[in-house]
Amino acid sequence: MTAPASPRISRRKQPQQARSASVVTAILEAAIQVLAEVGARRFTTARVAERAGVSVGSLYQYFPNKAAILFQLQTDEWRDTTALLRRLLEDRTRAPQERLRATVHAFVRSECEEAAMRVALGDAAPLYRDAPEAEEPRAAGTRAIQAFLREAVPDLTEPACRIAGDLIAMTLSAVGEAISERALRDDQIAAYADGMADMLSAYLSGLAQPRSAPAIRP
């Protein structure tokens, strides 16, 4: 059986002039509003065009379908998250453990502040999740963590670094999502972030310890 074709999610063209850039900005801002109001299932290009004050034809000059708009919103979110991770993890004025703790707190806070949009984008993920364009921005955050691990634990082998980076990234994502879905006070959010930072800090310390050979039973 032939696999279904992935949807086209790349932009038709990049804006080259200020006016074109302002149209794209208006479309994306309108898309955020529409997504927050009606959710992924009722999200349509017609609704976005109407909110942005442009024709559907003008919208299609830049985005071929609603999946492309949603993917751009998701890509922007991934890019912002990666920038946050890099800024904190690359701050060599602080010890690795301090950087990791600051990263956990900032990430959890960001997840809680953007919970509604993240949930809506999560609902829309099937529209673009399997498209090849989604792999690069989705993996950028994990690579930032792996780069941090190479510096913090220089003796870590590359396969172990990849596994550790994946585990930390998945833990941040899963726990951050779970925390953001609960109605918590600021002090409660901080307490959860502290707990996760403690666990990941202990994991980081364990990575730096030499591993003994497994015992062989007679």
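1. Leaving aside its neighbours within four places in sequence, with which residues is Arg99 in contact? In this predicted model, the partners of Arg99 are Leu88, Leu89, Glu90, Asp91, Arg92, Arg94, Phe148 and Glu151.

2. Arg99 belongs to helix α5, which spans residues 96-113. The relative accessible area of Arg99 is 2%, and this residue counts as buried because the value falls under 20%. A polar atom of the Arg99 side chain lies 2.7 Å from the backbone oxygen of Leu89. Leu89 is also among the residues listed as contacts of Arg99.

3. As to the overall fold, the chain contains nine helices and zero strands. Read from the N terminus, the order of elements is α-α-α-α-α-α-α-α-α.

4. Among contacts in the chain with a separation of 6 or more, 70% are between residues 24 or more positions apart. The chain exposes about 12,700 Å², and carbon and sulfur atoms supply 54% of that area.

5. Aromatic pairing deserves a separate point. The count comes to one aromatic pair, formed by Phe71 and Trp78. A pair of aromatic rings is described by the distance of the centres and the angle of the planes. For Phe71 and Trp78 these values are 6.4 Å centre to centre and 75° between the planes. The arrangement is edge-to-face because the angle is over 60 degrees.

6. Are the two partners of this pair buried or exposed? Phe71 is buried, at a relative accessible area of 8%. Trp78, at 17% relative accessibility, also counts as buried, because the cut-off is 20%.

Key:
Residues are numbered from 1 along each chain as its sequence is written. This is a predicted model: local features need pLDDT of at least 70, side-chain atom pairs count only at pLDDT 80 or more; totals for chains, interfaces and linings use all residues. Side-chain values use heavy atoms; hydrogens and water are left out. Helices (H or I, at least four residues) and strands (E, at least two) are DSSP runs, numbered from the N terminus. Contact means heavy atoms within 4.5 Å. Accessible areas come from the Shrake-Rupley method with a 1.4 Å probe; for residues, only the protein chains shown count as cover. Rings of Phe, Tyr and Trp (its six-membered ring) pair if their centres lie within 6.5 Å; planes under 30 degrees apart count as stacked, over 60 as edge-to-face and the rest as tilted. Buried means under 20% relative accessible area, exposed over 50%, partly exposed in between (1.4 Å probe, protein chains only). A polar contact is a pair of N or O atoms within 3.5 Å; within protein, one must be able to donate a hydrogen and the other to accept it, and residues adjacent in sequence count only if both atoms are side-chain atoms.
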